[in-house]
Amino acid sequence: MMLKPLLQVSCWVRYLVVEAVVEGSEVVLAAVASVEVASAAVEPPVAGNVTMLMTGSIRRIVCAVVSLWFAVIPVLAQHDYQFDFEDKEVKEPTEEEQIARGDKLKVYTLNPNTGDLLRSPIDTAMLGFYNRVKAEGRSLAIGYLGNLNSPWESKMFFDRPLYHPQFMYMYGLHGMLIDPFTARFYDTKSPTTQVLYLRHGDNQTREEELRSTLALNIGKRIDIGNDVDYIYSNGFYNSNKTKAISYRFFGSYRSDRYEAYAYVGNNYYLMTENGGITNDDYVIHPGNFANGTNEFVSTDIPVKFPGNNMFNSLRQGTARLTHRYNLGFYREGQTEYYDGNEFEAPHLIDTMVFVPVGSISHTFNYTKSRRRFKVKNPLDDSIYPNLFIKRLNDAGEVITLPNDTTRMEEYHNTLALSLREGFHRWAKFGLTAYVRLENRFYTLQDSVVGVPPTDREFSTYIGGEISRRGGKYLNFAADGELSVVGSDAGAFKLRGRLSTAFDLLRRKTEMEAWGQLLNTRPGYFLRHHHGTVHWWDESFDFIQQLRLGGSLRLKDWGTTLTLQSATLKNYIYFDHTAFPQQVSSPIQVLEGRIAHAYRWGALGWEVEAAYQTSSNRTALPLPKLAAYGNLYLDFRLPSSTKVMRIQTGVDARIHSSYYAPYYEPAVQQFTTQQEIKVGGSFPLMNAYVNIHLKRSRFFFEMYNLAEAFMDSKRFSLVHTPYNPRGLRMGIAIDFNK
């Protein structure tokens with residue numbers, strides 16, 4: 001009985017928060033203006049009975065969606081910023097999801113290049129909940145600045161993006177932004193609200209995150225909702241404070257003939273930069289710096305840029321519309337009918353079923369990115385010897401006082417034609433052809449006061465795909481694209497993936513193989529950067545990559561073996577001076593990885609280990625070995641209802657020593673060095689308790705437990721330590737009715 005008032009309160013709180021955030025947002029205001037104009041001029045090509053149901057503001061929104069955005073949909077998806085996709089299987093709901101919701105809530109992502117729906121799992125799993133919501137959970141081994149919200153880079157080469165994004169300053173925020181690869185759409189039979197709250201540290205150093213999602217359906221075809229993610233972190237070190245807010249408003253319309261998916265959103269990050277600590281002994285031998293009986297704390301450690309003096313701010317607004325018109329026919333069949341009882345499976349009823357044969361679609365994507373690097377008080381000239389933009393103080397003396405800004409706007413339009421898999425018993429695969437137009441506008445910092453220089457690039461890509469997704473034993477996907485006109489002319493991408501399943505010694509076995517051949521032009525801001533202390537204009541050659549890999553998964557044994565290799569030509573890295581360098585000779589990278597997860601009664605364990613090597617350790621340093629282990633008990637409290645499930649255990653991760661990079665805040669890149677090694681002797685160990693109670697999950701974790709009984713060498717990057725030992729906690733509540 002209390003669920004409806006709670007949902008209403010949640011909606012109003014979310015409305016007030018988002019209303020305050022949206023005020024002044026250029027992307028949202030532009031989108032609203034476009035909605036009003038489009039709704040007055042364009043009528044969407046939808047069925048008449050649907051149009052009659054759309055009145056008032058709902059009809060105007062749908063009209064705008066139709067007028068702004070039309071998309072076709074081949075099938076591949078990959079975790080990278082620049083429309084480079086890796087296939088994702090359409091995943092069925094897990095057992096835990098079925099128990100919690102029946103099949104009342106379905107979640108999808110879209111193929112960013114073509115718009116195909118990809119079923120996405122709902123994160124309701126209790127096991128490992130504590131690990132999925134912290135920075136270290138993003139990869140087997142990562143380097144970051146200690147703060148939950150800080151830039152990061154995986155120490156595993158094949159877990160990194162394929163290349164830098166067009167707006168290179170966003171590289172360190174990979175996976176933390178609203179983008180076409182992670183944006184979700186929902187199909188829910190009742191309103192759903194999910195809330196997550198995380199906390200780490202005391203009042204002086206506290207890291208906090210509040211994340212929520214609201215989704216609801218208006219009838220059977222229209223879905224609307226919004227996401228909000230707010231992070232405020234003081235940080236455990238001097239001048240390490242960050243804050244961020246990301247939000248998105250989304251909606252979708254789905255019928256047999258016509259589908260549309262749209263969202264607008266913003267990412268905002270503000271990071272105080274400290275440049276790392278100045279003396280590593282403060283972490284390795286903290287007792288040497290204790291003052292009598294006063295306990296030494298991490299915020300007392302001297303840093304390179306103290307006093308909250310240096311800042312980086314990043315803003316990125318996005319608007320996306322994907323829609324398509326399906327061509328097909330109706331035939332007799334059966335469909336699911338849900339009677340509202342979440343404990344019973346849906347019934348099958350006889351009806352006319354629409355069979356899509358092909359589709360035509362168009363996708364429009366708009367992104368506006370801005371970066372500002374600012375210092376409040378003049379810097380010491382010895383830190384940055386090169387001064388490309390000179391400013392004078394009141395005495396007429398030249399000072400180092402950066403206040404650099406950079407902007408980029410990009411517009412993508414993709415038109416595609418698809419022949420769908422499975423419309424006939426002979427149609428064993430799908431075919432897609434598409435053309436994509438890209439336009440980008442750049443604004444750089446000038447060396448003198450005045451109108452900053454601007455530049456523009458455009459490219460036209462043609463591409464195609466062949467895929468088979470519905471096979472029982474064999475599935476595949478292959479696609480390729482070529483830039484035929486524009487600044488990227490000659491760039492191409494060829495990608496393929498093959499998967500099969502069979503029984504080996506009466507055990508379920510899955511195998512996959514994949515390959516990629518890429519010839520890409522370095523992004524504009526890799527070639528041009530204008531700033532107070534760094535300035536370059538380069539004409540780098542195209543970057544070429546050949547990647548091959550394969551995996552063997554023994555499902556019954558919980559074991560996966562993976563082997564990957566890469567050949568990199570014209571690889572670009574940032575040297576110790578934070579300037580980009582290109583290596584013309586090929587670099588070879590090889591990785592082998594094994595992962596094993598198993599349960600024996602209440603006892604469970606997870607083990608993952610990897611070996612990797614690079615043929616050029618100066619340009620591409622990597623730890624040779626990395627490992628993660630987790631030993632836990634998973635049980636339910638003895639009671640008649642058995643509603644409380646508990647997982648408690650200890651996990652640890654470690655990697656071999658190597659010349660880890662340094663993070664340079666002036667260009668927001670990870671730079672190489674050959675003086676200090678990181679890793680090899682100190683594991684990051686944590687003890688935790690996960691608890692699942694009905695629709696709530698919460699955890700308590702003693703972070704960095706090894707520091708209590710081992711000499712601390714808790715460095716993530718050069719002069720950048722992990723956080724000290726402390727208590728983390730979090731809670732996630734699912735208000736789905």
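**View 1. Phenylalanine 157 is buried, and phenylalanine 158 is buried as well.** Buried stands for under 20% relative accessible area, exposed for over 50%, and partly exposed for what lies in between, with a 1.4 Å probe and protein chains only. The model is predicted, so local features need a pLDDT of at least 70 and side-chain atom pairs count only at pLDDT 80 or more, while totals for chains, interfaces and linings use all residues. Residues are numbered from 1 along each chain as its sequence is written, and side-chain values use heavy atoms, with hydrogens and water left out. Rings of Phe, Tyr and Trp (its six-membered ring) pair if their centres lie within 6.5 Å; planes under 30 degrees apart count as stacked, over 60 as edge-to-face and the rest as tilted. The structure holds 27 aromatic pairs. One of them joins phenylalanine 157 and phenylalanine 158, edge-to-face, at 5.1 Å centre to centre and 85 degrees between the planes.

**View 2. The rings of phenylalanine 185 and tyrosine 263 form a tilted pair, because their planes stand at 45 degrees with the centres 6.4 Å apart.** Phenylalanine 185 lies in strand E5 (residues 184-188) and tyrosine 263 in strand E10 (residues 258-273), so the pair ties together parts that are 78 residues apart in sequence. Helices (H or I, at least four residues) and strands (E, at least two) are DSSP runs, numbered from the N terminus. Phenylalanine 185 has a relative accessible area of 2% and is therefore buried. Tyrosine 263 counts as buried because its relative accessibility is 4%.

**View 3. Phe167, Tyr169, Tyr442, Tyr524 and Phe525 are linked into a cluster by ring pairs.** What describes a pair of aromatic rings? The distance of the centres and the angle of the planes describe it.

**View 4. A nonpolar patch on the surface is formed by Tyr325, Leu327, Ile360, Leu415, Leu417, Val435, Leu437, Phe458, Ile462, Leu482, Val484 and Val485.** Together these residues have about 990 Å² of accessible area. Such areas come from the Shrake-Rupley method with a 1.4 Å probe, and for residues only the protein chains shown count as cover. Patches are made of residues with over 30% relative accessible area and no salt bridge; like charges are joined within 9 Å, and nonpolar side chains (Val, Leu, Ile, Met, Phe, Trp, Tyr) within 5 Å. A salt bridge is a side-chain nitrogen of Lys or Arg within 4 Å of a carboxyl oxygen of Asp or Glu. At least two residues of the patch come from each of strands E11 (310-337), E15 (403-419), E16 (430-443), E17 (454-468) and E18 (474-486). E18 gives the largest share, three residues. Leucine 327 lies in strand E11. Leucine 327 counts as partly exposed because its relative accessible area is 46%.

**View 5. E17 and E18 run antiparallel and are joined by ten bridges.** Two strands pair if DSSP finds at least two bridges between them. E17 and E18 form a hairpin with five residues between them. Glycine 463 has glutamate 481 in E18 as its bridge partner.

**View 6. E18 also runs antiparallel to strand E19 (residues 492-504), with nine bridges between the two.** Phenylalanine 476 stands opposite leucine 498 in E19, and asparagine 475 has serine 499 in E19 as its bridge partner. The hairpin of E18 and E19 has five residues between the strands, and glycine 490 there takes a positive phi near 100 degrees.

**View 7. E19 pairs with strand E20 (residues 507-520) in the antiparallel sense over 13 bridges.** Serine 499 has its bridge partner in E20, glutamate 512. The hairpin of E19 and E20 has two residues between the strands, and leucine 505 takes a positive phi near 55 degrees.

**View 8. Lysine 493 is found in strand E19.** Lysine 493 has 6% relative accessibility and therefore counts as buried. Its side chain makes a polar contact with the side chain of tyrosine 163, at 2.9 Å. A polar contact is a pair of N or O atoms within 3.5 Å; within protein, one must be able to donate a hydrogen and the other to accept it, and residues adjacent in sequence count only if both atoms are side-chain atoms.

**View 9. Lysine 104 sits in the loop between helix H5 (95-101) and strand E1 (105-110).** Lysine 104 is buried because its relative accessible area is 9%. Lysine 104 and lysine 189 are 85 residues apart in sequence, and 5.3 Å apart in space, C-alpha to C-alpha.
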